[in-house]
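Here are my notes for you, written for a first look. Keep the model open while you read.

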Amino acid sequence: MTERTVLVTGGTGGLGGAVTAAFLEAGWRVVVPAREGGAATPSGPVVHIAADLMEPAGAAHAVAAASAEPAAPLRAVVNLVGGYASGGLVHETPVDEFDRMLRINLRPTYLVTQAALPHLVAAGGGAVVCVSARAAVAPFPGAAGYVTAKAAVLAFANAVAVEYRARGVRCNTVLPSVIDTPANRAAMPDADHQRWVPPAEIAGVVRFLASDESAPTSGASIPVYGRA
């Protein structure tokens, strides 16, 4: 029997699948929202639900599903939803594209975390793990919107850590470089893939940050760069 639940946004992606598997291995009940798809295995360890995390109602729906099992209260949220787009320099980047990066990387993280915090507090505490990027602290040219959005995710996570520390909720952030996923290999076939970080290795760090073993840690920014 599972005794705790984790909500994993972006759980169907390249990193999300590894994160979901890591929590299942540790005995967690896992709720994975996505834009499309109906409920599946509602009494089992994985619950797939349809929810638009870009909207407050969708985020609230996902959190409600994650909090629906009294025997396995919601104890962790992992925010993986995001996206990347490159382009020109700042003066060449339309403001709509800049706004789009902020929206898809920051908005779902904010909405899901906002909806989940009262449940985490009510359960006696828990953990939020956000995914930023190495680019947030080491920018590269041609992706100002992405860099800014991931820096905003990092700043938001640190704000949550400060605001909810006394209520037993921790918030930490992982900063990947390039993740070794099929999509990234297809986009960069000539890169040195051996230097990229495997999703399973990041997943182990995420699971640790959600677990009681990392209880003293909040407000941390963890580099997960592999050999890049």
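Predicted model: local features only at pLDDT ≥ 70, side-chain atom pairs only at ≥ 80, totals over all residues.

1. Residues are numbered from 1 along each chain as its sequence is written, and side-chain values use heavy atoms, with hydrogens and water left out.

2. Start with the sheet. It is open, has 7 strands in the order β3-β2-β1-β4-β5-β6-β7, and its pairing is parallel. Strands here are DSSP E runs of at least two residues, helices are H or I runs of at least four, and both are numbered from the N terminus; two strands pair if DSSP finds at least two bridges between them. At the edges sit β3 and β7 (221–224), each pairing on one side only. From one strand to the next, the twist averages 20 degrees; axes are lines fitted to C-alpha atoms (for helices, over the stretch in contact), and angles run from 0 to 180 degrees between N-to-C directions.

3. Now look at β1 and β2. They pair in the parallel sense over 3 bridges, and T5 stands opposite R29 in β2. The chain gets from β1 to β2 through α1, in a right-handed β-α-β crossover. Right-handed means that, with the strands pointing away from the viewer, the path from the first strand over the helix to the second runs clockwise. Further along, β2 pairs with strand β3 (residues 46–50), again parallel, over 5 bridges; A34 has A50 as its bridge partner in β3. Strand β2 (residues 29–34) is mostly covered, with 5 of its 6 residues buried. Buried means under 20% relative accessible area, exposed means over 50%, and partly exposed is in between (1.4 Å probe, protein chains only).

4. On to β4. Strand β4 (residues 74–79) is mostly covered too, with 5 of its 6 residues buried. β4 and β1 are parallel partners over 5 bridges: T5 has L74 as its bridge partner in β4, and V6 stands opposite A76. β4 also pairs with strand β5 (residues 126–131), in the parallel sense over 4 bridges, and V78 has V129 as its bridge partner there. Between these two strands comes a helix: β4, α3 (residues 95–122) and β5 make a right-handed β-α-β unit.

5. Is T9 buried or exposed? T9 lies in strand β1 (residues 5–9) and counts as buried because its relative accessibility is 2%. Leaving out residues up to four places away in sequence, T9 touches P33, L53, V78, N79, L80, V81 and V112. Contact means heavy atoms within 4.5 Å.

6. The C-alpha atoms of G11 and V31 are separated by 8.5 Å, although the two residues are 20 apart along the chain.

7. Which helices lie on the sheet? Helix α2 (residues 56–66) lies across β1, β2, β3 and β4, running at about 160 degrees to β2. Helix α4 (residues 144–164) packs on the sheet as well, touching β5, β6 (169–176) and β7, and its direction makes about 160 degrees with that of β6.

8. Take a closer look at α2. Its buried residues are G58, A59, A62, V63, A65 and A66. They cover an arc of only 160 degrees around the axis, so they are on the same side of α2; the arc is that of the directions from the helix axis to the C-beta atoms. What covers these buried residues includes β1, β2, β3, β4 and α3.

9. Last, helix α6 (residues 199–210). At 1.5 Å a residue, its 12 residues should span 16 Å, and the end C-alpha atoms are 16 Å apart, which agrees; the expected span is 1.5 Å times one less than the number of residues. P199, I202, A203, V206, L209 and A210 are buried in α6. Seen down the axis, the buried residues of α6 fall within an arc of 125 degrees, so they line one face of the helix. They pack against α1, β4, β5, β6 and β7.
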